[in-house]
Amino acid sequence: MIVMTIDRRALADFLRRSRDRIRPQDAGLPEGPRRRTPGLRREEVAQLAGMSADYYIRLEQARGPQPSPQMLAALARALRLTGDERDHLHVLAGHRPPAGRAAGDHVAPGLLHLLDQLTGTPAQVLNDLGDVLAQNALSRTLLGGVCTVSEHGRNVVWRWFADPANRAAYPVEEHAHHSRVHTADLRAAVARRGADPAAVRLVERLRAASEEFAELWERHEVAVRRRSRMRVLHPVIGAVDLDCQVLLAPEGDHRLVLFTPPPGTDTADRLALLRVVGNGQFTPA
(Lines give C-alpha, C1' and ligand atoms only; values in the text may rest on other atoms or scores of the structure.)
Protein backbone atom coordinates (compact mmCIF):
# COMPACT_ATOMS: atom_id res chain seq x y z
CA MET A 1 0.00 0.00 0.00
CA ILE A 2 1.34 3.42 -0.95
CA VAL A 3 1.59 5.75 2.06
CA MET A 4 0.91 9.35 1.09
CA THR A 5 2.53 12.14 3.11
CA ILE A 6 2.23 15.91 2.93
CA ASP A 7 4.98 17.79 1.09
CA ARG A 8 4.74 21.11 2.96
CA ARG A 9 7.35 22.98 0.95
CA ALA A 10 5.90 22.01 -2.42
CA LEU A 11 2.36 22.67 -1.16
CA ALA A 12 3.36 26.15 0.04
CA ASP A 13 5.04 26.96 -3.28
CA PHE A 14 2.03 25.73 -5.30
CA LEU A 15 -0.39 27.79 -3.19
CA ARG A 16 1.72 30.94 -3.58
CA ARG A 17 2.06 30.58 -7.34
CA SER A 18 -1.63 29.75 -7.78
CA ARG A 19 -2.57 32.80 -5.73
CA ASP A 20 -0.30 35.04 -7.81
CA ARG A 21 -2.00 33.98 -11.05
CA ILE A 22 -5.49 35.18 -10.08
CA ARG A 23 -6.53 38.78 -10.62
CA PRO A 24 -8.82 40.19 -7.93
CA GLN A 25 -11.55 41.01 -10.46
CA ASP A 26 -11.55 37.35 -11.59
CA ALA A 27 -12.46 36.38 -8.05
CA GLY A 28 -15.11 39.07 -7.71
CA LEU A 29 -12.94 41.31 -5.51
CA PRO A 30 -12.12 45.01 -5.98
CA GLU A 31 -8.60 45.63 -7.25
CA GLY A 32 -8.01 48.60 -4.95
CA PRO A 33 -5.50 51.46 -5.41
CA ARG A 34 -2.65 50.09 -3.29
CA ARG A 35 -2.02 46.50 -4.29
CA ARG A 36 1.58 45.33 -4.15
CA THR A 37 0.95 41.67 -4.91
CA PRO A 38 0.30 40.63 -8.55
CA GLY A 39 -2.59 38.38 -7.58
CA LEU A 40 -4.72 37.81 -4.53
CA ARG A 41 -3.62 38.59 -1.02
CA ARG A 42 -3.35 35.72 1.47
CA GLU A 43 -6.22 37.15 3.48
CA GLU A 44 -8.39 37.24 0.37
CA VAL A 45 -7.73 33.57 -0.41
CA ALA A 46 -8.61 32.70 3.18
CA GLN A 47 -11.82 34.70 2.93
CA LEU A 48 -12.83 33.03 -0.33
CA ALA A 49 -12.06 29.58 1.09
CA GLY A 50 -13.87 30.20 4.36
CA MET A 51 -10.87 29.67 6.63
CA SER A 52 -8.90 31.85 9.01
CA ALA A 53 -6.14 34.01 7.56
CA ASP A 54 -3.68 32.65 10.13
CA TYR A 55 -4.38 29.08 9.02
CA TYR A 56 -3.79 29.88 5.36
CA ILE A 57 -0.65 31.92 6.07
CA ARG A 58 0.85 28.97 7.93
CA LEU A 59 0.16 26.74 4.93
CA GLU A 60 2.07 29.11 2.67
CA GLN A 61 4.89 29.22 5.21
CA ALA A 62 5.16 25.40 5.10
CA ARG A 63 4.43 25.05 8.79
CA GLY A 64 0.70 24.45 8.94
CA PRO A 65 -1.14 21.23 9.83
CA GLN A 66 -2.23 18.81 7.12
CA PRO A 67 -5.38 20.26 5.55
CA SER A 68 -8.42 18.03 5.25
CA PRO A 69 -9.92 17.04 1.87
CA GLN A 70 -12.80 19.44 2.59
CA MET A 71 -10.36 22.28 3.17
CA LEU A 72 -8.50 21.43 -0.02
CA ALA A 73 -11.75 21.47 -1.99
CA ALA A 74 -12.45 24.97 -0.64
CA LEU A 75 -8.95 26.13 -1.58
CA ALA A 76 -9.32 24.66 -5.08
CA ARG A 77 -12.50 26.68 -5.58
CA ALA A 78 -10.99 29.84 -4.15
CA LEU A 79 -7.90 29.55 -6.35
CA ARG A 80 -9.97 28.57 -9.40
CA LEU A 81 -7.89 25.45 -10.01
CA THR A 82 -8.45 23.14 -12.95
CA GLY A 83 -9.23 19.49 -12.36
CA ASP A 84 -5.57 18.50 -12.83
CA GLU A 85 -4.42 21.30 -10.52
CA ARG A 86 -6.97 20.24 -7.89
CA ASP A 87 -5.69 16.67 -8.01
CA HIS A 88 -2.11 17.93 -7.70
CA LEU A 89 -3.10 19.99 -4.66
CA HIS A 90 -4.51 16.89 -2.97
CA VAL A 91 -1.39 14.86 -3.69
CA LEU A 92 0.91 17.57 -2.27
CA ALA A 93 -1.24 17.67 0.85
CA GLY A 94 -0.92 13.91 1.33
CA HIS A 95 -4.40 12.91 0.16
CA ARG A 96 -5.64 10.88 -2.77
CA PRO A 97 -7.30 13.02 -5.44
CA PRO A 98 -11.10 13.01 -5.35
CA ALA A 99 -12.91 10.82 -7.82
CA GLY A 100 -13.39 12.60 -11.11
CA ARG A 101 -16.61 12.95 -13.00
CA ALA A 102 -17.58 9.68 -14.64
CA ALA A 103 -17.38 9.61 -18.41
CA GLY A 104 -20.57 7.53 -18.63
CA ASP A 105 -21.32 5.63 -21.84
CA HIS A 106 -19.72 8.19 -24.14
CA VAL A 107 -16.50 6.87 -25.66
CA ALA A 108 -14.06 9.52 -26.84
CA PRO A 109 -13.76 9.73 -30.66
CA GLY A 110 -10.01 9.24 -30.43
CA LEU A 111 -10.50 5.97 -28.56
CA LEU A 112 -13.01 4.77 -31.16
CA HIS A 113 -10.56 5.67 -33.92
CA LEU A 114 -7.86 3.64 -32.17
CA LEU A 115 -10.20 0.65 -31.98
CA ASP A 116 -10.78 0.82 -35.73
CA GLN A 117 -7.03 0.91 -36.39
CA LEU A 118 -6.37 -2.23 -34.34
CA THR A 119 -7.48 -4.57 -37.11
CA GLY A 120 -5.15 -7.39 -36.08
CA THR A 121 -5.69 -7.15 -32.32
CA PRO A 122 -8.95 -7.86 -30.49
CA ALA A 123 -9.77 -4.82 -28.37
CA GLN A 124 -12.65 -3.50 -26.26
CA VAL A 125 -13.52 -0.37 -24.31
CA LEU A 126 -15.16 -1.05 -20.96
CA ASN A 127 -16.14 1.09 -18.01
CA ASP A 128 -14.90 0.26 -14.54
CA LEU A 129 -18.02 -1.78 -13.72
CA GLY A 130 -17.42 -4.07 -16.69
CA ASP A 131 -19.91 -2.69 -19.24
CA VAL A 132 -18.60 -3.20 -22.78
CA LEU A 133 -18.98 0.19 -24.47
CA ALA A 134 -17.25 -0.57 -27.79
CA GLN A 135 -15.54 -3.46 -29.60
CA ASN A 136 -13.51 -3.72 -32.74
CA ALA A 137 -14.40 -6.28 -35.41
CA LEU A 138 -11.86 -8.91 -34.33
CA SER A 139 -13.04 -8.71 -30.72
CA ARG A 140 -16.62 -9.40 -31.83
CA THR A 141 -15.47 -12.32 -33.93
CA LEU A 142 -13.34 -13.83 -31.17
CA LEU A 143 -15.44 -13.12 -28.09
CA GLY A 144 -18.90 -12.62 -29.55
CA GLY A 145 -21.03 -9.51 -29.83
CA VAL A 146 -22.50 -8.00 -26.70
CA CYS A 147 -26.22 -7.99 -26.02
CA THR A 148 -27.45 -4.53 -25.01
CA VAL A 149 -31.17 -5.24 -24.74
CA SER A 150 -31.56 -6.64 -21.22
CA GLU A 151 -30.41 -4.84 -18.10
CA HIS A 152 -26.67 -5.45 -17.57
CA GLY A 153 -26.66 -7.53 -20.79
CA ARG A 154 -23.38 -5.95 -21.91
CA ASN A 155 -21.73 -6.30 -18.50
CA VAL A 156 -18.98 -8.93 -18.48
CA VAL A 157 -19.35 -9.65 -14.77
CA TRP A 158 -23.11 -10.13 -15.03
CA ARG A 159 -22.79 -12.38 -18.07
CA TRP A 160 -20.10 -14.47 -16.37
CA PHE A 161 -22.15 -15.19 -13.27
CA ALA A 162 -25.73 -15.05 -14.58
CA ASP A 163 -25.35 -16.74 -18.00
CA PRO A 164 -23.75 -20.21 -17.71
CA ALA A 165 -23.44 -20.47 -21.52
CA ASN A 166 -20.96 -17.58 -21.43
CA ARG A 167 -18.42 -19.79 -19.65
CA ALA A 168 -18.33 -22.38 -22.43
CA ALA A 169 -15.73 -20.29 -24.24
CA TYR A 170 -13.23 -20.79 -21.40
CA PRO A 171 -11.59 -23.95 -19.97
CA VAL A 172 -13.48 -25.36 -16.99
CA GLU A 173 -10.35 -25.50 -14.85
CA GLU A 174 -9.98 -21.71 -15.18
CA HIS A 175 -13.55 -20.78 -14.22
CA ALA A 176 -12.82 -20.33 -10.51
CA HIS A 177 -9.91 -18.02 -11.28
CA HIS A 178 -11.98 -15.87 -13.64
CA SER A 179 -14.74 -15.64 -11.03
CA ARG A 180 -12.32 -14.30 -8.42
CA VAL A 181 -10.76 -11.83 -10.88
CA HIS A 182 -14.16 -10.45 -11.93
CA THR A 183 -15.35 -10.10 -8.32
CA ALA A 184 -12.18 -8.50 -6.96
CA ASP A 185 -12.04 -5.99 -9.81
CA LEU A 186 -15.71 -5.08 -9.37
CA ARG A 187 -15.17 -4.66 -5.62
CA ALA A 188 -12.46 -2.06 -6.31
CA ALA A 189 -14.71 -0.17 -8.74
CA VAL A 190 -17.66 -0.13 -6.35
CA ALA A 191 -15.45 1.23 -3.56
CA ARG A 192 -14.26 4.06 -5.80
CA ARG A 193 -17.81 4.93 -6.83
CA GLY A 194 -19.24 4.90 -3.30
CA ALA A 195 -23.03 4.91 -3.25
CA ASP A 196 -23.33 5.18 -7.03
CA PRO A 197 -26.80 3.78 -7.96
CA ALA A 198 -25.53 1.84 -10.99
CA ALA A 199 -22.87 0.08 -8.92
CA VAL A 200 -25.25 -0.70 -6.07
CA ARG A 201 -27.89 -2.08 -8.46
CA LEU A 202 -25.37 -4.31 -10.25
CA VAL A 203 -24.06 -5.83 -7.02
CA GLU A 204 -27.58 -6.40 -5.67
CA ARG A 205 -28.64 -8.22 -8.84
CA LEU A 206 -25.46 -10.31 -8.92
CA ARG A 207 -25.85 -11.38 -5.29
CA ALA A 208 -29.46 -12.38 -5.92
CA ALA A 209 -28.67 -14.25 -9.16
CA SER A 210 -25.49 -16.11 -8.22
CA GLU A 211 -24.60 -17.92 -5.00
CA GLU A 212 -21.02 -18.15 -6.25
CA PHE A 213 -20.78 -14.36 -6.62
CA ALA A 214 -22.41 -13.79 -3.22
CA GLU A 215 -19.85 -16.06 -1.57
CA LEU A 216 -16.91 -14.42 -3.35
CA TRP A 217 -18.26 -10.94 -2.58
CA GLU A 218 -18.24 -11.75 1.15
CA ARG A 219 -14.51 -12.52 0.97
CA HIS A 220 -13.88 -8.80 0.25
CA GLU A 221 -10.99 -9.51 -2.11
CA VAL A 222 -9.88 -6.37 -3.98
CA ALA A 223 -7.62 -6.33 -7.03
CA VAL A 224 -7.81 -3.97 -10.00
CA ARG A 225 -7.37 -5.97 -13.19
CA ARG A 226 -4.36 -4.63 -15.09
CA ARG A 227 -2.92 -7.62 -16.94
CA SER A 228 -3.56 -11.34 -17.12
CA ARG A 229 -3.38 -14.36 -19.43
CA MET A 230 -6.48 -16.18 -20.58
CA ARG A 231 -7.41 -19.03 -22.90
CA VAL A 232 -10.39 -18.77 -25.25
CA LEU A 233 -12.00 -21.81 -26.86
CA HIS A 234 -13.21 -20.77 -30.31
CA PRO A 235 -15.27 -23.09 -32.58
CA VAL A 236 -13.21 -22.18 -35.68
CA ILE A 237 -9.60 -21.58 -34.60
CA GLY A 238 -9.64 -23.74 -31.47
CA ALA A 239 -7.99 -22.85 -28.17
CA VAL A 240 -5.95 -19.64 -28.21
CA ASP A 241 -3.87 -18.12 -25.42
CA LEU A 242 -4.07 -14.36 -25.05
CA ASP A 243 -2.32 -11.75 -22.95
CA CYS A 244 -4.90 -9.29 -21.62
CA GLN A 245 -3.54 -5.78 -21.10
CA VAL A 246 -5.74 -3.11 -19.52
CA LEU A 247 -4.96 0.55 -20.29
CA LEU A 248 -6.75 3.32 -18.42
CA ALA A 249 -8.23 6.20 -20.39
CA PRO A 250 -7.78 9.75 -19.01
CA GLU A 251 -11.39 9.74 -17.81
CA GLY A 252 -10.41 7.09 -15.27
CA ASP A 253 -13.55 4.96 -15.48
CA HIS A 254 -12.93 3.82 -19.08
CA ARG A 255 -10.49 1.07 -19.95
CA LEU A 256 -9.01 -0.04 -23.25
CA VAL A 257 -8.51 -3.80 -23.08
CA LEU A 258 -6.12 -5.38 -25.59
CA PHE A 259 -5.93 -9.13 -26.24
CA THR A 260 -2.46 -9.81 -27.69
CA PRO A 261 -0.63 -13.00 -28.72
CA PRO A 262 1.84 -14.25 -26.09
CA PRO A 263 5.41 -14.68 -27.39
CA GLY A 264 6.22 -18.17 -28.59
CA THR A 265 2.63 -19.14 -29.41
CA ASP A 266 0.74 -19.53 -32.68
CA THR A 267 -2.02 -17.17 -31.51
CA ALA A 268 -1.05 -14.49 -34.05
CA ASP A 269 -1.53 -16.96 -36.93
CA ARG A 270 -4.86 -18.11 -35.53
CA LEU A 271 -6.10 -14.53 -35.16
CA ALA A 272 -5.05 -13.83 -38.74
CA LEU A 273 -7.16 -16.81 -39.83
CA LEU A 274 -10.06 -15.49 -37.81
CA ARG A 275 -9.85 -12.16 -39.64
CA VAL A 276 -10.13 -14.04 -42.94
CA VAL A 277 -13.21 -16.09 -42.02
CA GLY A 278 -14.88 -12.88 -40.93
CA ASN A 279 -17.41 -11.79 -38.36
CA GLY A 280 -21.01 -12.78 -37.82
CA GLN A 281 -21.54 -16.50 -38.33
CA PHE A 282 -18.86 -17.69 -35.92
CA THR A 283 -19.12 -16.94 -32.20
CA PRO A 284 -17.85 -18.85 -29.16
CA ALA A 285 -19.95 -21.91 -28.40
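User: Is Asp128 counted as buried or exposed, and at what relative accessibility?

Analyst: This is a predicted model, in which local features need pLDDT of at least 70, side-chain atom pairs count only at pLDDT 80 or more, and totals for chains, interfaces and linings use all residues. Residues are numbered from 1 along each chain as its sequence is written, and side-chain values use heavy atoms, with hydrogens and water left out. Buried means under 20% relative accessible area, exposed over 50% and partly exposed in between, with a 1.4 Å probe and protein chains only. Asp128 therefore counts as buried, at a relative accessibility of 5%.

User: Where is Asp128, and which residues does Asp128 touch beyond four places away in sequence?

Analyst: Asp128 lies in the loop between S1 and S2, strands being DSSP runs of E with at least two residues, numbered from the N terminus. With contact taken as heavy atoms within 4.5 Å, and leaving out residues up to four places away in sequence, Asp128 touches Asp185, Ala189, Arg192, Arg193, Asp253 and Arg255.

User: What percentage of the residues in the protein is buried?

Analyst: The protein has 285 residues, and the buried share of them is 42%.
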